[in-house]
Amino acid sequence: MSKRILKISGIVVFVLILASLAAYFFILKPKDPSISVEDRAKVSLMPLPSQLKLGNGSFVLEEGIGIVLKGPEDQVVSNSLDRFKSLISQKTGYSFSDSGKGIAVVFKSMIEGSNPLEADESYEINIGKSGVELTANSGYGVLRGLETLKQLLVAEENDFYLPFVKIKDSPRYPWRGLMIDVCRHWIPKEVILRNLEAMASVKMNVFHWHLSEHQAFRVESKVFPKLHELGSRGNYYTQEDIKEIVAFAGDRGIRVIPEFDVPGHATSYLVGYPELAAIPGPYQLQDNFGLATAVMDPSKEEVYRFLDQFIEEMATLFPDPYFHIGGDEVDFSDWDKNPSIVEFKANNNIENNHDLQAYFNQRMEGILSKHGKKMAGWDEILNPNLSKDIVVQSWRDQKTLFHAVQSGFQGILSAGLYLDHKLPAAKHYAVNPEILPGAVTIEPDSLHWEHYSLDIFVGESPLKSEMVLYGEDEDLRGVLGLMENFTGFEDVEKSADALSFSFESPVGMLSVESILEGDSISGEFSVMLLSFPFKGVKIGSNKMPGTVAPKVEKMEPLTETEKKYILGGEAAMWSELVDLNTIDSRIWPRTGAIAEKLWSPQELTTDVKDMYRRLEILSGRLEQLGLRHLSYSNELIHELAEGKDAEPLRILMEVLEESKYLSRLSLERIADQALNEVADAAQAESLAALKFYWMVDQFLEENSRQLADQIENQLHIWKNNHDQFVQVATGNPKLELLIPTSEELAIMSAYAIQSAQMIQSNKKVSKTEKADAIEKISKIDATHAGTVLAVEASLKKLINAMPED
């Protein structure tokens, strides 16, 4: 799915912020935990099981430990058990025997022939003095249970053991996926395979493979060879590659769902087969990631004959019952330019282009059904004329998921789970498919209202928005509107010349401060480290004759029946800003938090600090599996240092993150371009910065000497690192871009040292001295070379806490 240059200008930032504002329909009341706080603190499992109770003691593994498999002959289960034995042997040095005290695996039914949406993935584990017993109804349960056993293994010096425990586990959702776009940047087979291995380790079970785009077509077609010969940029998966990847995934209980985007995002089809296009060619692959209008002609029978033959070929390669047609972001301009398409619409009583796309999708559904497939697509495909067997993937916002399931369609959620936005794992962890952020639940007031038109500046062009205030005095409330979506807010403070409000959202506290002058309004939206100026004018109110209050959508919460239509969700990794080397670090370890959210009960996924504790352990395990999310970053840091001491760069990079959303994207960036800049060496989320943030918070609350020492030691490292970094960076064009960041980190660290010392010693500075410090740091905006300084907020918080006379 392309990220338009429209979004690059910054619009996507504000869209996503509004889309994630929390005005939840209801607050889930936590049930009695199925895992006690004490037991939870002792395990490092991710995802957490539905139920777990630790016992007293442990089962010690020894040489020749027995392992017995009881159940029907199932090659997938046997292969999984072989991988389990290999991993345990690799870690312990012990070999297994086929008899004796040890591990018993018992299951009833085979994996083959299971309906993937009804597959029984439940299992139970009992570990006690007599050994380990893993029981499951199906082979799927065995696969998931073995992953839990791998994570339970504890190594202490030369001993290896499994804690006594009783586990009963099953997934919250049957669809727990990861989408990888391999078109904007080529992602080779070996990278896909290691990511499948990582998916299996956290019990994800759907690999959504985005295989066609404006930039490239990545699959060998023997029926239409010009697809890969002219559309692949020389990099594509052979049919043998696909068979290998599908088999590898299936061996780990992972379904592979291909996505071939139609009718839009179609340039790579049309390079070789321009006769399918809405307007005449020739066509060339799009190099950059800007706007593209290439679209198929839905009025041509030739298009459907082509797609019929193509899908017939692809259906033999991808055995899963679902086939993703994309269907997103169709640019209708070429349809409007083609007189034949305009005439086709008139002759077939098709009123508009949305209905024309619905006609196309109905034809596609028939073709897919002919070849034994069910349709999946992005939320633009939602239409009442399609069968209820389709799966709607909601990406624009979560409301589209609610619209789908409330209309009786099955849906999966990706809104809020876009990995390429580089948001913290905690933000993804806050997403609950069954709770709608941004829903308006406040009651409009037809007697007291004011309607403002706003221009929000998130780039060179203003983003059109609106705000409606309802009520008066203590009962003042309102809604923000963007792209026809409204978000409610309360607790408004309004005087004759000022308006302000703030409320907590999953992306942090959103605050609005504004000045009122007659019918004009101006101010600033602030959230996280981002600020957006705005200005506007009142365009209606109950006191302005001839004006009418805008219609505000009020959505009802889901019924229990409607919730069952939510199949799960998918993390989405679009590849404009990742390549074969950096993709691991943008997927992992954060996807572990998403995997847990989709597997574990909701009541177990609210402790963010514990999630991060286990996520860090998972990160190390993933490196051992062969992922390169940590190791490649270190390699690139040494490469960037160009033979000089890399330690000063490493110290700085540890607290840098790649800038959020798509701010690095520009027209100069092109498909398959190598990504080896300083931002590519940064992490999507700095765990070091997060730990420092928690430490500062705890220190400001407790004011302990131990915490003060830890904080000051770290601050001295950052402060003293600057001169050393300058020596490394001077003469290096890529690193010189980070000299301002290093300097700003040193400046803030110096002030923070002073503040920590003052707080610890109960000393105070003059108001003037503190004001000077705050004024100086307020001008710092450490966003350079496509990175953000992740400790900036923590440092400013510590400095602002400096005691004053």
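Strands here are DSSP runs of E, at least two residues long, numbered from the N terminus. All views below come from a predicted model.

**View 1. E121 sits in a loop between two strands.** The loop with E121 runs between β4 (102-109) and β5 (123-128). Is E121 buried or exposed? Its relative accessible area is 4%. Buried means under 20%, so E121 counts as buried. The side chain of E121 has a polar partner: the side chain of R176, in a polar contact at 2.7 Å. Look also at what surrounds E121. With neighbours within four places in sequence left aside, E121 is in contact with Y140, G141, R144, P171, P174, R176, N205 and W599.

**View 2. Helix α19 has a set of buried residues.** This helix spans residues 631-641. Which residues of α19 are buried? They are Y632, S633, L636, I637, L640 and A641. An α-helix has 3.6 residues a turn, so residues three or four places apart point the same way. Keep that in mind when reading the list of buried residues. The cover over the buried residues of α19 includes α20 (647-653), α21 (678-681) and α24 (733-736). After α19 comes E642. The phi of E642 is positive, near 55°.

**View 3. Helices α22 and α27 come together.** Helix α22 covers residues 687-702, and helix α27 covers residues 792-800. Their axes come within 9 Å and cross at roughly 15°. Angles under 35 degrees count as roughly parallel, so α22 is roughly parallel to α27. The crossing of these two helices is left-handed. From α22, the contact uses F692, Y693, V696, D697, F699 and L700. From α27, it uses S794, L795, K797 and L798. What kinds of residues make up the contact of α22 with α27? The residues divide into 7 nonpolar, 1 polar and 2 charged.

View 4. Which side chain makes a polar contact with the side chain of H784? The partner is the side chain of E744, at 3.2 Å. Leaving aside neighbours within four places in sequence, H784 is in contact with L737, L738, P740, T741 and E744. Now find S659. In sequence, H784 and S659 are 125 residues apart. In space, their C-alpha atoms are 8.8 Å apart.

Definitions and conventions
Residues numbered from 1 in each chain as written. Predicted model: local features only at pLDDT ≥ 70, side-chain atom pairs only at ≥ 80, totals over all residues. Heavy atoms only, no water. Axes fitted to C-alpha atoms, helices over the stretch in contact; angles between N-to-C directions. Helix = DSSP H or I, 4+ residues; strand = E, 2+ residues; numbered from the N terminus. Parallel < 35°, antiparallel > 145°, perpendicular 65-115°, else oblique. Left-handed = near helix turned anticlockwise from the far one by under 90°. Contact = heavy atoms within 4.5 Å. Nonpolar A, V, L, I, M, F, W, Y, C, P; charged D, E, K, R; others polar. Buried < 20%, exposed > 50% of the residue type's maximum accessible area, 1.4 Å probe, protein only. Polar contact = N/O pair within 3.5 Å; in protein donor to acceptor, adjacent residues only side chain to side chain.
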